[in-house]
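Me: I'd like to go through this structure with you, a bit at a time. Could we start with a term I'll need, and then look at some residues?

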Amino acid sequence: MQSEQERPITKRPYRSAVRDAQAIDTRRRISAAAHSLFTEHGFSGTTVAHIAERAGVSAPTVYATFGSKAAIVASLLEQMEHNADGAAWVRRIAEAPDSHARLAAFAQWSAALFSSSKAIIQAASGATADPAINELRKEGDRHRRNGLRNVINLLVQDGTLASGLTQERALDRAWMLTGIELYLSATDGCGWTDTEYEHWLTTLLQQQLLGQ
């Protein structure tokens, strides 16, 4: 049996609270710089060097922190969804008293999310030649479709889907109607307010999914 002196000493990983705080601050400054530059110049018009200069860091630091411009966009969109309190909206939709209220809540959530992330979404939409952004857009569409599947499942449980409308076709309709393109057409193209878009989307979802 080894004595206390003979036992190997296991080194614990060293963590510096100061270093962790610095890393968080660096990430925050890069995110803020990227957000403002994407808003001003779009995705293609913003370089990593621009982001680094505005954030007060080096370009290698930007790459080490995020990896790519597309990864910064993904992080910004994820943070905006978190800030819009997506988990609370999921609960609100599930706890709504009926199908009409569920769809109204989802329309409210869509308007709130699109409004808060509009500048970044527009920046990403202009980067059609970037494979990473295209993949990010596809992932966003898949994420939205999965969220809508949960809503459609609730409508099926309520027994309120329109007569003759299958669950998959209902999902298709909801997915097409809640895309960012219609939001931008309404608010930018037609000058609608977010509230006007929300009310229009609520009515459209109810008509197309519930037949009322």
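Reply: This is a predicted model. To begin with the term, a residue is called buried when its relative accessible area is under 20%, exposed when that area is over 50%, and partly exposed in between.

Me: Okay, so is tryptophan 200 buried or exposed, or in between?
Reply: Tryptophan 200 has a relative accessible area of 30%, so it falls in between and counts as partly exposed.

Me: And what about tryptophan 192?
Reply: Tryptophan 192 is also partly exposed, with a relative accessible area of 32%.

Me: What kind of pair do tyrosine 197 and tryptophan 200 make?
Reply: Their ring centres are 6.3 Å apart and their planes stand at 40 degrees, so the pair is tilted. Both tyrosine 197 and tryptophan 200 belong to helix H11 (residues 194-210), where they are three residues apart, about one turn of the helix. Tyrosine 197 itself is buried, at 0% relative accessibility.

Me: Which residues do the ring pairs link into a cluster?
Reply: The cluster consists of Phe114, Tyr183, Trp192, Tyr197 and Trp200, linked by ring pairs.

Me: Changing topic, where is arginine 144, and what does it touch?
Reply: Arginine 144 is in helix H8 (residues 131-158), and with a relative accessible area of 16% it counts as buried. Leaving aside residues up to four places away in sequence, arginine 144 touches Trp175, Thr178 and Gly179.

Me: Last one: how do helices H1 and H2 cross?
Reply: The axes of H1 (residues 17-41) and H2 (residues 48-55) come within 8 Å and cross at roughly 125 degrees, which makes H1 oblique to H2. The crossing of H1 and H2 is right-handed.

Me: Which residues make that contact?
Reply: H1 contributes Arg29, Ile30, Ala33, Ala34, Ser36, Leu37, Phe38 and Glu40, while H2 contributes His50, Ile51, Arg54 and Ala55.

Methods: Residues are numbered from 1 along each chain as its sequence is written. This is a predicted model: local features need pLDDT of at least 70, side-chain atom pairs count only at pLDDT 80 or more; totals for chains, interfaces and linings use all residues. Side-chain values use heavy atoms; hydrogens and water are left out. Axes are lines fitted to C-alpha atoms, for helices over the stretch in contact, and angles run from 0 to 180 degrees between N-to-C directions. Helices (H or I, at least four residues) and strands (E, at least two) are DSSP runs, numbered from the N terminus. Angles under 35 degrees count as roughly parallel, over 145 as roughly antiparallel, 65 to 115 as roughly perpendicular and the rest as oblique. A crossing is left-handed if the near helix is turned anticlockwise from the far one by less than a right angle, and right-handed if clockwise. Contact means heavy atoms within 4.5 Å. Buried means under 20% relative accessible area, exposed over 50%, partly exposed in between (1.4 Å probe, protein chains only). Rings of Phe, Tyr and Trp (its six-membered ring) pair if their centres lie within 6.5 Å; planes under 30 degrees apart count as stacked, over 60 as edge-to-face and the rest as tilted.
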